[in-house]
Each structure stands twice: as structure tokens, then as C-alpha cells.
Amino acid sequence: MAPSRDSNVKGESSQVSYKKTINTKTDSIIQNRKHANDIFDVIEYLQSEKEKEIIFATNACSRIFCELLDRGDLYVGVLPKEEDLMHGDRSAEEKYQIFMRHRYNSCVELLLENIGHEAFQVKETSLCTLMKFVAAEGKHPLQNLDWSEHYNFPMELMLALVKHLLSEKEDMSLLISRFQEFMEKDDVRYYVMSSVRDNITRVMERNKRAVIPVYQNNVFTLISTINIPSQASEMTNVIVRQETKHEDWKAARLKEHKRAFEQMWLVFLKYKLPSSMYKKILVILHESILPQMSDPTLMIDFLSAAYDIGGAISLLALNGLFVLIHEHNLDYPDFYKKLYSLLDPTIFHVKYRARFFHLANIFLSSTHLPVYLVAAFVKRLARLSLTAPPTALLIVLPFICNLIRRHPSCKVLIHRPSAAEEPCDDPYVMEEKEPAQCHALESSLWEIKTLQKHYHPDVAKAAMMINEPLSQQEEDISELLELSAFELMERELKAERKTIPLEFDTATGLLKSSREVLGVHFTLD
Amino acid sequence: MMRKQKFSSGLSDKVRKSKAAPEIQKNPFEVKINRKKFDVLGRKSKHDVGLPGVSRSRAIKKRKETLLKEFRTKDKNNKFVDRRFGEYDNKITPEEKILQRFTLERQRTHDRKDMYNLNEEEELTHYGQSLAELEKMTDVIDSDSDSEEKGLLSAELTATHFGGGGGLLRKKSAGDEGDEHRPKSRQELIEELIVKSKQEKRERQTQKEEAQVLTEKLDQEWKSIQNLLAHKTPKETKDEADKPKLEEYDVMVRELGFEMKAQPSEKLKSAEELAREERLRLQTLEADRLKRMMGEAEEESAQTDTHISADDINDGFVLDGDERKTLAYKDGKWNIEGEEEEDDDEEGGEEEHETGADDDEGEEEEEEEEEEEDEEAGGDDDGDDDHCDLQSDEGSEDEDDQCAEEEEVSVVAAVSEEQRRATQEAAKAELPYTFTAPESYSDLQSLLRGHSSEQQRLILDRTVKCHHPSLATGNKAKLQRLFGFLLEYVGELATQNPPDLKTVNALIPQIYSLCQLFPEAACKAVQTLLSDSAHSMEETLEVKGRAAMPNLDMLVLLKITALLFPTSDFRHPVTTPAFLYISQALTKCVVVSLEDAYKGLILCCLALEFVSLSQRFFPELLNFLLGLLHLTVPDKSSTGYTVVSPFRQQGKNCDLLVLTDPNASHSWNRKPMSLCTAHRSPVERDHCRLSLLDSCLDLVKRCTSLYKHLTSYGHIFQPIRTLLLNHLPVELYPASIQDLHREILDAIPEEPSQHAPLVFKKKKPIPLKLLTPKIVQILDYGKKRGNTKEEKERERLKHKYKREFKGALREIRKDTRFLAQEKLNDIMSRDAERKRKVKALYGSLANQEGEWKALKRMKRK
């Protein structure tokens, strides 16, 4: 007990002591220039082992330098080297300013390093302090610039911050999500975007265009959350207010924002990405990227490349392509052929099934499509439905019925009175890639007939629809799209039943039923 | 006889019917023709021609017959009518009259009273008293009234009553002379008389009593002497024999009277009949099942659970038969056979017996009846009945005692069984006969823990019997809870390491019978377990994107589900979710180890079992089988088929079922695998692979025969065929598997079969619109307002009422006029009479006057 208490006391005393020293020193620095040298001690704490000390020191630094920046006690302009300070003929005032500026620079460097610290608290405090510096520097620029032509924004600081934020070794997603709050400021966002662009180019070129998953993941986390206001009038939230010609400032113009956003993304997508990243990007592409770009058509190359990859990535690219085709007049040759080739047995088992059918529904909604094409789709879907789970079948069957409703010429698929009673082989060629040559129109939907014997009552009922002429009204499949197997089961469980039929064959043992299959292959031992 | 004066209704009828004379009808002055405004074609009118004179005279005549008569008898009293037969008939002679009257009376009485009088004697009477009663009168005088009457006839009384006044006076005077001179008043005399007569009566009574005592005494003495009279013996014995005989007869008569009338009992059924009945029952059940399979009966609420017998009051008392059997009698002895059977049953030796008992409940009841009848016929003492009552009233509550008794009796009855019985006793000794129903799952655990599986079954059996719903109100809920606990317990048994599936197997009959008792509760319990498991699977799927195969407890639960509920139903609250659960497991649960493959295969077996009867299409099953077969293919490149989730075309765990050692196939032989998977050595693992493959192929074979009739049969099995034909390394496998392989390839056609193109179902032709006119019934002609039927009817009635009212008014007026006329006529006739009489008087007076005057003239002359 004793030692621990001892250490406790010691810890407390040290805690108290460091707080006291830092506080007194901070006060003395701010109050009197004579104590300028105390700044060394404070900065030293930034490299301390203990998190609390670092945090405390960081806050102290923030106080000191913000105060100094406010007062204009930091040297403005090109900073002479510290060694030159001795033999330069400068006034004491100037010397002090240069000295303090050097200290400021070293403090910023240490803070940037602390962004890579293992403790999140330290990271967060450092980040916040740096952003305070950004704001302060924006107000009191440290560069001696021509006021009329340039706008104040600490670009270097921003660049350095972004560089450290987008680590190549560490997943920074937590800190980046903290950083988002700052990106609500328009100017910050603008400069971050341009910094990210530069950063990506630099990092990727240095790594010879190889895939760096951690880095790219960080970049994605950062840039996927960027949200540009939809209207220029909303662009008023800035961290640094320009005194003159504020309206002409790039960071205040929506168009510039969009351009920066677009360039950032294009640079990001220019390099090879991990395959999971493609999926992530494609998922958000149509919602959060395309609308914010100044010229979405620039994404065509990326999208068509993704569409050609096949599988799930193709499915996802479909959505972006749809936006381009629909809103930006993209002419995509063989689009339907590709869509047709996307249909394979796995389509009913992938995660993005709902999205695919939603889009397919839209693509095939046009009544101007050729009949052979629609028939090919219908027949192929029907054939594939032979391996589909019930949740998918509940989408596909109404989907097929809807297609036939839209294109009444496809009715021959379920009703061909001319050739009734004449058995024939299925003329449909499953392997044919070209919808025009797969003879779908000459076939019938025997697969749906098979599904009428499906074990799930709803599926069987849906399949029964083709027995009679279809009603005019289309079925709404949007509700069925997100239906999961568990929901389907719940629906079954919650249904009210009046009676519960029971098995009348008396059960005598676990493996002794009248139709035993399990007992044939397995024993109880 | 009194009777109201009535008018014969015949008269008025006659008047109405009498046709007016034809000459009147022909007379044109008598005829009035009613002119018609419009001639309506086809309408027949009765009133086109009228005869006003005739009808008026007819009306007057009618009034005369009715109203006038009524008027005449107004304010008159009733009169006597003698309705005796032939009273006013002068043609019949008095003798005949009497004879007729007598026969009539006899007939009347005969009709009423003596309808059922079988002995035809009529009662003969004398002065209104039954002669039979008179005959019955005995000599013994015991009635007071009789004696009184007799007393009346005494000389003094007659003297006093009948004109013996002098005598009485004389007597009095004599008494006066003896005692007092003063004569007694009449009052005193009468009092004296009364006192005297009473005294006499008392004396008579004492005399009679004495006489009776004497006769009795004499009788007794005679009896004592009787024994001494030797020659009188035969008569005496006969006498004595008579008495008991009579009693016996009486007893018998009484017994027969009280004995239950022979009741029509059901005919004992022959084995054939029983079999036929059973077949019929199964047929109806099967038909019902088929209906549900087609999804037709889905809405039909009427459930015909044939486990319920016709006498069942629907309290779920199903196990009754079994229970009662323990206490049956045969020929006045304990039914040892039955008991033995029961014992065996309890020992678990004969499972068939119980199933038989459950199945042929009717038979069971039949047997019972038989036994009961036997018991009655045996006519054993009352103890039996008591016991029976006890059994039926308290049921198995004191089964303990009963069993003890059973033991005793059986020892007495069947000494040869004693040894066996003793050993059985030893085994059973630890188990009590009554159990409290577990209130929580831990209760059940503590109840069943540490017992062998058979004992556990016995415990459950007894618990269920002790808490039968018919015994107490709370028992239903207890047993319903018990079902849930049991399922939980089964789950725990299956998750143990190693799993105790033997016990699970032993508990199945109990679970089944409980489920039969409480379908709703069972349904809820199974649903909850399914939903919980599916929910946890869904959660892991959402988090990880894939889930592990369900554990053995879920597999066992699914199997039990298939045992308890019909899997062939089109839609069923339990089996449909179970289907979905299997489907989910077969599509989402990854196969990363041999154990997973095992579980998958078990699921496949279950899936096949689920659909084997309804022949429903189960795509996931075929996908999974294809995937499993894919795992056995060594070269995964360039396949002509696609495997779907949860399998991958290529990747790790894709060679799970590829044989590591080709020689393993030589040492492999086909035998069923164990449900409980365990770790194995490399050679064993290869054997397992072979077993898995074997089962897999067998399942595929079953599938091919099951789905043969589906239209897309060829397309469904094409991937499997491609795999088996081109990719499976058949030559590495043992001969039996190769055979199986060949059979499957034979079963799947190379080319998909041909089918006729689809056409819509032929619809029933819509019947043509019928053009027959709509018929509206016209209730009354003429202009009647009101649109609806009711309104029209109302209007019609109103009109009718008005018309009738007017008619009645008119009739009344005519009646009064007629009456007034009649009254006037009366007065006129009366006046005329008076005038006539007065005239006559005057006439006679004038005559007298004339005569007198003539006489006077004569005198004067």
C-alpha cells in the first residue's frame, strides 16, 4: 500500500508541478518579453512522454502563440536564419520577433509530429491547436504579401497538416472524422481539397504508382465526406475573412470548389486502387461524387472501365453510368448487351441485388426497347431463377411479370396458343452473349412453371400469375427489393393462424419417420 | 240441459245459394246492365249484369232469417233443452228407449275409461256400490262406524226415533218413579242417552280386545301342540317351504325390476373392420393433408383432428386409454397381461405397443369396454367398484398406492412372474410415481439429470399423467410450459459434448404427445426457437457478412419440427419458417471445415425430407449439393457450371473434399455416419470424405427421382450432370460410389426434355347476358301511389279498409232500416188487431144493445 500511495502522491505532486510551471511560464512569456526564453521549456513539454503533459503544453502553446500573433509579435516576411541573427544589425525588437517566429515554427513542427502520436487525445488537441493557428495566421499573415493580389491563407501550414493527416502507415479515420467539422468552413475545405490533390500526386509518384491501401483508405475517408453546398449563397462560412475583394476569392466561389473537388477525385482515381476501394467508391459515386463535380462526364472513363471488370463492380458501376446516361446524355454502345451479360447465377446472391434490380427496372422500363431484347432478359432471368433463393424470387417473378406487361408482344413467352400441344425443345440458347440471337422469343417460360412447385407459398403464388392473363396494373417491386430472408420469416411467424395442423404419423424416435432420409445416412451414435 | 239459442247457419247459406228464378233473370225489366267504359281484352267481369230486385229481395230474406230472429229473441232468457236420447221422439217405445240409452252409456264409458282395461269384467254395482268391495268385507268388525250403525238398531233407539215418544215418556216416568218425582227435562234426557251409548261402546271395545287376545293365545298354544302331531308333518313342511320360496321369488322380481335394461352396445369389431376403419381414418387424414398441400384448405377453419374420438369433450384427454389399462379386471381377477404389457412398456421394451395404443384408440376403448363387461359379469364384490371409482375420480393422483396394490395382487395371482417382477422393481425402485410439474427450466433439469434416458422418459410420462389438463385447472399451462422446457432441454442435450442423442430419441414420443395435446403452445415454442436462431444468424450475417453453420441443436430441432408438424402443407405457421431457416442456412452459411460439410449435408437431408412428400422444388438444396460436389473436384479451372453462395468457384477451402490419399477408397465401406461429428485421423478424414460424397450422391439421386416431373428438370440438373460427367474423379472412388454415379448420370437426360409451349389456363366462358324480361309482381291493379313494395302494400290495405268500412256502414244502415220497418210492421199489426178487437167488442155490444132493445120492445108490446 505504502509505495503505491507514495507514487500517487509523487504523481500528483509532479502533475501539480508541471501544471504550475507551465502556467507560470506561459503567463510570464505573455506578460513580459524578458522571459522569452521560458518558451523553450514549454515547447520541451510537447515532446514529453506523458499524454497529459503534452496536452497541457499544447494548450499553453496555443495560448501563447495566438496571443503573440494577435499582438504581431511574430516576425513577418522571409525569415532569416537563426544563426544570422547574431551578427545582423537588427533592433532588439526585431530580434525578439525573429526569435519568437522560430519558436513558433518549431512548435508547429512538433504539433504536426504529434498528429502521428498514438494517443487520440494528443492527436485531437494538436489538430485543434493547429487549426487555431491557421485561423490566427489567416488573420495576421506571416508572409509579406501584396495585399491587392493575394489572399491570406496559410497554405503551407494547411499542406503540412494534410500531409500528416493522410498518413501512409496508420489508419487516421477517427481523426479525419474529427477534422470534418473544420471542413464545414468553405475556405478550409477549398484549401484542403487542393492540398489533397497535391499530396496524392506527390505520394503516388514517390511510391511509383503502387497501391498503398492504408494511405488510399485515409484519402478516401477524407474526401468521401467532403460536402459542397449546393448554392453559392450558402458559401459564407469561412475561417479567414478577407478584407478586400472577398467575392473574388477562389475559396468563396462555388464553381472553384467544384473544380477543385473534381480535380481531387480525378487525381485520386487516376492511380490504381485496391479492389475493395472500387466498390466503396462506386457505392457512393452516384450520390455524393457525381453531383458535386463541375463536369461529371469526366468520370466516364473510370465508370466504363469499372463496368467492364464484371461481377459486383460492374453492378455498382451501373448506377453511375445510369446517372451519366440519364442526366448527361452519355451514349454508351452495347449497354444492354453488357447488362444482359451481367446476368449470371450469382446475381441473386450478391449484396447489391436490390440496387441492381432497381436499376434494371429503370433500364427496362422504356417501352421503346425491341421485343427480342426484353424477351431475352425475361428468359434469362427465368432460367437463372432456378437457382435463386426465395427472397430473390419474390423480386424476380413480379419483375418478369412487369416486363411482360410493359411489352405485350412478350406475352408469347407465357401464352402461345398457336403451337399448343406440340412438345418442343427449349430453343433458348443460354450461352449466347448476343440477346438478338438467343431465340428467347421462340421459347416459353417453363422455368416459372417449375417454380409453381416452389416450397415457399408466396413464391409459388407469384409463379401462378402466369397461368392466367396478366392484369394491366404493374406490381410495385420497390418494397420487395430490400426484403431479407429474416424479414420473410418474421412475416411468416407473425401471421395469425386459426388452426395449426399436426402431423398424424405418430413419432416414435428421432430418426424414425415414414419418409426418413436423415436416418439413412446418419445414426444417433 | 242449458244451452244458448243458436241460429242454424244452414238457413242463410241456403238463401244465398238459391238462384233467382230463371224467369226473373230473363225479364228485361228486372235486369240492370252495368256499362263498361273500356273494353279490356281478356278481362272477365262478374258485374256486367245485375239483378237489383232479386238481390234486394234476397237481402231482405236473409235479414229476416238472421237479424229478425235475433231481434225477436232479444232480451229473452235461456231455456231448457232435454238432450236425452229420444226424449221428444214419440215413435220409439219406452223399452227400446231404455235399451238404447243403456248401450249409449256403456259405449261412452267404454271409450273413455276402459280403453286399457284388459280384464273385460265390468264392475258390478249394487246401489252404486261396488259388489267386489262388498264381497271383500270380512266378518271381523273393526270399524267404529259399523258398530255405531249397529247400535242404532237397538230397541231403545228405534223407540226414541220412530214414534216411540210414548215409550220414552213412559220410561222416564218409570225412572222418575224410582228416583225422583220431578220429571226430567228433554235436555237432560238426551245427555243421559249419549252417556249411555258411549259407555256401551267402550264396553264393546274391551270385549273385542279380550277376544282377540284370546284367539292369539289359542293360536300359539295350537302351534306348540302342532309339533306333537306327527301325522301332520307333510303339510307343515310344505308350509315352511312355501314361505322362503315366495321370498326368493319376490327378491327375484324386484331384482329384475331394478336390473338395468339391456342396452344396445356397439358390436365388437372384427380385425377386418378395425383395419378398414383405420384405413379410412388414414385416408381422410391424407386427403386433408393433400388439400393443405395444394393450399386449398388454407382458409378452412374446420380442423378435423382424428385423434379425437367422437365421445371426446375436447379437453385434450388423449392418453386416457393408456392410463386406465393398468387397472383392468378380467374374470374377477387383476388383468395380469395388461399389467405386464404396461410394465414392459414402461421399461421401454415395447415401443410399438404405445404407438399402437395411440394409433388405435378406438380399439383401445373397445378393449376397455370388453374388460369392464367382463368385470360386471364376474360379479365380484363391491371392492372392485370402489376401486374403479377411485381410479376414475382421482385418476393417477395416487398412482403410488395403486401400483403398490397392483404389485400385491399380481404376486398373489402370478407367482411365476415374481422373480422377474422383483428385478424390475429394483430398477424402478428409485423413481417416485408422482412428480410436480417443473416451473422453470432448471426444475426440469434437476428432475431429469442423472437418470438414464429410459428413466427420463418414464419420469416425463408420469409427470404428464400427473398433470393431465382434466385433473386440475392450472395443469394445462404447466404442461404447455413443460413443452417449451423440453425443447430447451433437447437443445441442451444436443449441444453437450458428446451430444446425448439417445435421450433425445427416447423423449420424442413424449414431445409428440404433448404437441398433440397443445398444438398452439407447441407451435409458439418451436417458432420462438426458430426465430431466435434465425435472428442471431441474421445479426452475424450483417456484422461479418457470413455466418457459421447452425449447431446440432438447431438441426435436431428442425428434425423434430418435421416429426411434429406436416411439412407438406402449402403454408404452415411452423414448417414454412423452418423451410426458410434451412434455405437461409444453405445459402448463407459458409463451409470451411469437414464438420460444416457434415452439417450442410444434414441440412440437405432434412430439406429433402421436408419436400419428399409434397415434391416441392427446393433450389437451395440443389445449389448446396452442387457446391458440395464441387468441393470434391480437384481441378477447379474451366468448369462448365457455376456454383453460387455460399460456395466459391475457387479459393481456400475449395478442396475440402478432395481425397488426400487415393488408397483410402480401398478401405472404405458404406455405413451410416454419426450425427455427432468428432475429430479424426487423416485416414478417417478421407473415409469421411468418401461417406460425405456417397451420401451426397445418394441425395442427388433422390432429388432426380423427386423432381423428375418438373418441366425444367433437365435444366435444373444440368450443372450437376456436367460436374459428374466431366470433373468428378470417379476412378479414384470405390465401386459402390461409381455405381451410384452411373445411376445418376443415367437418370439425368443429356438433352432437356421436350415440353409444350405455355398457354393460359382455359377460362370458363362468360355466360351471355340473359334477355328475359324482368318480372315485377303487381299486387293490385289500379292507380296506387308508393314506390316500394311496402308502400304499395300499405296503400292497398288502406284502400281495402276504406272499402270494407263503407260496405259495413251501408250494411248497418240497411239493417237498421229493416229493423225499423219490422218494428213499424209490428206496431201496425198490433194496432190492426186492437182495432179489430175493439170493432168486435163494439159489434158484440151493439148486438147486446140491439137484443136488449128488442127485448124491451117486446116487453113493451
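**Salt bridges, helix packing and burial in the predicted model**

In the predicted model described here, Glu124(A) has a relative accessibility of 21% and is therefore classed as partly exposed, since residues count as buried under 20%. The side chain of Glu124(A) forms a salt bridge with that of Arg178(A), with an N to O distance of 2.6 Å. Because Glu124(A) belongs to helix 6 (residues 120-139) of chain A and Arg178(A) to helix 8 (residues 173-179) of chain A, this pair ties together parts that lie 54 residues apart in sequence. Over all chains, the structure contains 40 salt bridges.

A further salt bridge in chain A joins the side chains of Arg405(A) and Glu475(A), at 3.6 Å from N to O. This pair links distant parts of the chain, 70 residues apart: Arg405(A) is in helix 18 (residues 390-406) of chain A, whereas Glu475(A) sits in the loop between helix 20 (457-464) and helix 21 (478-481) of chain A. The two partners fall into separate accessibility classes. With a relative accessible area of 12%, Arg405(A) is buried, while Glu475(A), at 31%, is partly exposed.

The side chains of Glu278(B) and Arg281(B) meet at 3.1 Å, N to O, and both residues lie in helix 11 (residues 271-294) of chain B, three residues apart, or about one turn of the helix. Arg281(B) has a relative accessibility of 13% and so counts as buried. Elsewhere, salt bridges with shared partners connect Lys379(A), Arg383(A), Asp426(A) and Glu447(A) into one network. Side chains of opposite charge can pair when their charged atoms come close.

Lys19(A) was examined separately. This residue is located in helix 1 (residues 2-31) of chain A, and its relative accessibility of 35% places Lys19(A) in the partly exposed class. Between Lys19(A) and Lys52(A) there is a separation of 33 residues in sequence and a C-alpha to C-alpha distance of 9.7 Å.

Chain B comprises 32 helices and nine strands. Of its 861 residues, 34% are buried. Among contacts in chain B between residues at least 6 apart in sequence, 70% connect residues at least 24 apart.

Two packed helices are described by the angle between their axes and the distance between the axes. For helix 21 (residues 475-495) and helix 24 (residues 552-564) of chain B, the axes come within 8 Å and cross at roughly 135°. Helix 21 of chain B contributes Phe483(B), Leu487(B), Val490(B), Gly491(B), Ala494(B) and Thr495(B) to the contact, and helix 24 of chain B contributes Leu552(B), Asp553(B), Val556(B), Leu557(B), Ile560(B) and Leu564(B). Classified by residue type, this contact consists of nine nonpolar, two polar and one charged residues.

Arg689(B) is positioned in helix 29 (residues 682-706) of chain B. Its relative accessible area is 10%, and Arg689(B) is therefore buried. When residues up to four places away in sequence are not counted, Arg689(B) touches Leu594(B), Leu656(B), Leu657(B), Val658(B), Leu659(B) and Thr660(B).

Terms used
Residues are numbered from 1 along each chain as its sequence is written. Chains are lettered from A and ligands numbered from 1 in the order in which they are written. This is a predicted model: local features need pLDDT of at least 70, side-chain atom pairs count only at pLDDT 80 or more; totals for chains, interfaces and linings use all residues. Side-chain values use heavy atoms; hydrogens and water are left out. Helices (H or I, at least four residues) and strands (E, at least two) are DSSP runs, numbered from the N terminus. Buried means under 20% relative accessible area, exposed over 50%, partly exposed in between (1.4 Å probe, protein chains only). Axes are lines fitted to C-alpha atoms, for helices over the stretch in contact, and angles run from 0 to 180 degrees between N-to-C directions. Contact means heavy atoms within 4.5 Å. Ala, Val, Leu, Ile, Met, Phe, Trp, Tyr, Cys and Pro count as nonpolar, Asp, Glu, Lys and Arg as charged, and the others, Gly among them, as polar. A salt bridge is a side-chain nitrogen of Lys or Arg within 4 Å of a carboxyl oxygen of Asp or Glu.
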